[in-house]
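Please open the structure in your viewer and keep the sequence panel beside it.

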Amino acid sequence: VKSALTVSIMTAVSRIFGYVRDLTLAAILGAGFSMDAFTVAFRIANLLRRLVAEGSMTAAFVPVFTKYKAENSEKDLWDFANKMFYTLSLLLVVITIIGIVFSPLIVKIMAPGFKEVEGKVALTVLLNRILAPYILFIGLAALAMAILNSLGHFGIPSFAPVLLNISIIICTLLFAPFFKEPAIATAIGALIGGALQVAIQIPLLIKNGMTFRFGV
């Protein structure tokens, strides 16, 4: 009950900040050119996130990790976690590079109508390339969340998504005036938010026994 309540509260907090984020984007980006470009670029990143991180990967990893925890020593458990972390990192780096290189093609497939508006495809491609590493960060954040949830930790993993909304809000408000296209500041905020979701969980992983030693 306590864990369910913790997750529920953090989810509610995330939704509140999500609403504030939407208000901020509506005020700064408006409802046209910049907003459309960011929405599509962010949708591409989130689609890949669901496919390789919070979707199939998490669903497959949690029961395996839980069973591994019950049947093996603590050292073997964290060796397995380390190997999974670096294997997933490698996969996500490859996906990130592919996303950057083939960004023009991906945007044309996801938003074919953008070619009718001059400069819209170019901006969306730029935003998609800025957001490409977000897939790496959010994938590792999902793995960290799965590990910590399996160990009975729910507070910090549930709070992590709040950081994404906060980062987008702050970067959009502070840095949008410095860019010709304010959506660039928003994309940078999303990227930083993704990195923060990983960073906030690392100390708790280390405290529980994860070493992050490569090749172990």
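A residue is called buried when its relative accessible area is under 20%, exposed when that area is over 50%, and partly exposed in between, with a 1.4 Å probe and only protein chains considered. This is a predicted model, in which local features need pLDDT of at least 70 and side-chain atom pairs count only at pLDDT 80 or more, while totals for chains, interfaces and linings use all residues. Residues are numbered from 1 along each chain as its sequence is written, and side-chain values use heavy atoms, with hydrogens and water left out.

**First stop: phenylalanine 38**

Select phenylalanine 38, which is buried because its relative accessible area is 4%. Phenylalanine 38 belongs to helix H2, residues 33–52; helices here are DSSP runs of H or I with at least four residues, strands are runs of E with at least two, and both are numbered from the N terminus. If you draw a distance from phenylalanine 38 to leucine 131, the C-alpha atoms are 9.6 Å apart, although 93 residues separate the two along the chain.

**Second stop: lysine 120**

Is lysine 120 buried or exposed? With a relative accessible area of 9%, lysine 120 is buried. Lysine 120 is found in helix H6, which covers residues 120–150, and, not counting residues up to four places away in sequence, lysine 120 touches Phe33, Asp36 and Phe114.

**Third stop: the aromatic rings**

Next, display the rings of Phe, Tyr and Trp (for Trp, the six-membered ring), which pair if their centres lie within 6.5 Å and are stacked with planes under 30 degrees apart, edge-to-face over 60 and tilted for the rest. The structure holds 9 aromatic pairs. One of them joins phenylalanine 61 and phenylalanine 80, which are stacked at 5.9 Å centre to centre with 10° between the planes. Phenylalanine 61 sits in helix H3 (residues 56–71) and phenylalanine 80 in helix H4 (residues 74–101), so this pair ties together parts that are 19 residues apart in sequence.

Move on to phenylalanine 85 and phenylalanine 212, whose ring centres are 5.0 Å apart and whose planes stand at 85°, so the pair is edge-to-face. This pair links distant parts of the chain, with phenylalanine 85 in helix H4 and phenylalanine 212 in the segment after helix H9 (202–208), 127 residues apart. Both partners are buried, phenylalanine 85 at 11% relative accessibility and phenylalanine 212 with a relative accessible area of 18%. Finally, select Phe61, Phe65, Tyr68, Trp78 and Phe80 together, for these residues form one aromatic cluster.

**Last stop: the whole chain**

Zoom out and colour by secondary structure: the chain has 9 helices and 0 strands. The radius of gyration, taken over C-alpha atoms and compared with a globule rule of 2.2 Å times the number of residues to the power 0.38, is 18 Å for this chain, close to the 17 Å that the rule gives for 216 residues, so the chain is as compact as a globular protein of that length. Along the principal axes, the C-alpha atoms fill a box of roughly 60 × 35 × 25 Å. Of the 216 residues, 44% count as buried, and among contacts between residues at least 6 apart in sequence, 81% join residues at least 24 apart.

Technical notes
Contact means heavy atoms within 4.5 Å.
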